[in-house]
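I am opening a notebook page for this structure.

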Amino acid sequence: MAIALKYSKRLSSFFLVLLLGASCEKDVQQMSDFDNNKLNLVIADNFNLSSFSAALRKSGMDKVLNAGEGPFTVLAPSDAAFITAGYAGPTAVLSASNTVVSRIANYHTLDGKYELNKLPFAFNQELRSRGGKMFATHWVKGQDTVLTLNGARILSTNLPASNGLVQVLDRVLTPYVHDVLVDALAADASITLFTQALRTSGMLEQLRQTGPYTVFAPVNTAMQSIGYASVEQIEKTDPKVLLDLVSYHIVRDRRFVYDYVLSAGPSNTAQQGMMNGNSVTVRLVPNPSSPGAFSGISLRGIGNTTDVLLTKQDMLTGNGILHVINGTLRLTQ
């Protein structure tokens, strides 16, 4: 009986060793199968992309990128870009609205592998992300080849992952929420007088069409400074007079601010043709903290004696772009 019990214990130990061995082999196999080069992990390992990594986690997009074979292209704004957008760091992203963060994560994720440096040299080529359409520019400026998305500059291109690429941006892209410019104009309370001028002139209906258009909309105080004090006054104004005014604020094309930075000549100025057939002088605004760089643009109509500045810029809609300016563009002084 003692011999049988001893033999039974040895047999049990033998099977236990076999079981432990099989379990260890399984663990080793699972570890060897683990892919630590998926897009979400590459982004998480980059110290300069911590805020965007937080956005992926909060939105659940990290699980999509980890589970999916792809390929995907992820447009990852730098931490500095998130600070500019009002997010001090990962904690601020994690405490933000789920809807807002999910919209950002989806808009910055594309299905497919996009090596943006291989696009044709052209302005504003349409791409589609999971959050809607966006526009890529591949251009040569002096000695530099520049890539932009919605006017935001790409800082690092084609960072590889096992299931796609990462492109690092200098700005958080704002997903567009308005299918047409008309809705974006109506949503901004600071430009109600110009919007009424568009309506009375008949131009508002044209801005519902496919386009694309770029609108430089003066703020209400700018409209008041040229004699349009109220909506009621504008409604009583000759539509032809208003048409001359508003058509000098519209471009028959899609133009982000950085497009002008790229296309300006050695004098750092450019001429922009407007819908009424006249032109506006666009001047690049130097960035005082970065010699040789530019922080934006100013505008000067034929009749302006001072530059007109942008107060809001690059608001993308389904059929164009809206910029808000602090003055009106004038044909006569």
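Before looking at the sheet, I noted the rule: two strands pair if DSSP finds at least two bridges between them. The model I am reading is predicted.

**Entry: strand pairing**

I looked up β11 and β12 and found that 6 bridges join them. Because two bridges are enough for pairing, I wrote β11 and β12 down as a pair, and they run antiparallel. Strand β12 covers residues 294–300. For one bridge I checked the residues: Pro286 has Phe294 in β12 as its partner.

On to strand β10, residues 269–273, which 5 bridges join to β11, residues 279–286. This pair also runs antiparallel. Here I checked Ala270, whose bridge partner in β11 is Val282.

What lies between the strands of the hairpin of β10 and β11? I found 5 residues there, and in this hairpin Gly277 takes a positive phi near 95°.

I noted the background first: most residues other than glycine have a negative phi, and most peptide bonds are trans.

Which residue does a cis peptide bond join to Gly70? It is Pro71, and omega is about 5°. I placed Pro71 in the loop between α4 (61–67) and β1 (72–77).

Another cis bond joins Gly211 and Pro212, with omega about 10°. I placed Pro212 in the loop between α10 (203–206) and β8 (213–218).

I looked up Asn150, which is not a glycine but has a positive phi of about 50°. Asn150 sits in the loop between β5 (144–149) and β6 (152–161). Is Asn150 buried or exposed? The relative accessibility of Asn150 is 4%. Buried means under 20%, so Asn150 counts as buried.

Asn158 is not a glycine either, and its phi is positive, about 55°. I found Asn158 in strand β6. Its relative accessible area is 18%, so Asn158 is buried under the 20% cut-off.

**Entry: the chain overall**

The protein chain has 14 helices and 14 strands. Of its 333 residues, 46% are buried. The chain exposes about 16600 Å², and carbon and sulfur atoms supply 54% of that area.

Conventions: Residues numbered from 1 in each chain as written. Predicted model: local features only at pLDDT ≥ 70, side-chain atom pairs only at ≥ 80, totals over all residues. Heavy atoms only, no water. Helix = DSSP H or I, 4+ residues; strand = E, 2+ residues; numbered from the N terminus. Buried < 20%, exposed > 50% of the residue type's maximum accessible area, 1.4 Å probe, protein only. Areas by Shrake-Rupley, 256 points an atom, 1.4 Å probe, with all protein chains shown as cover.
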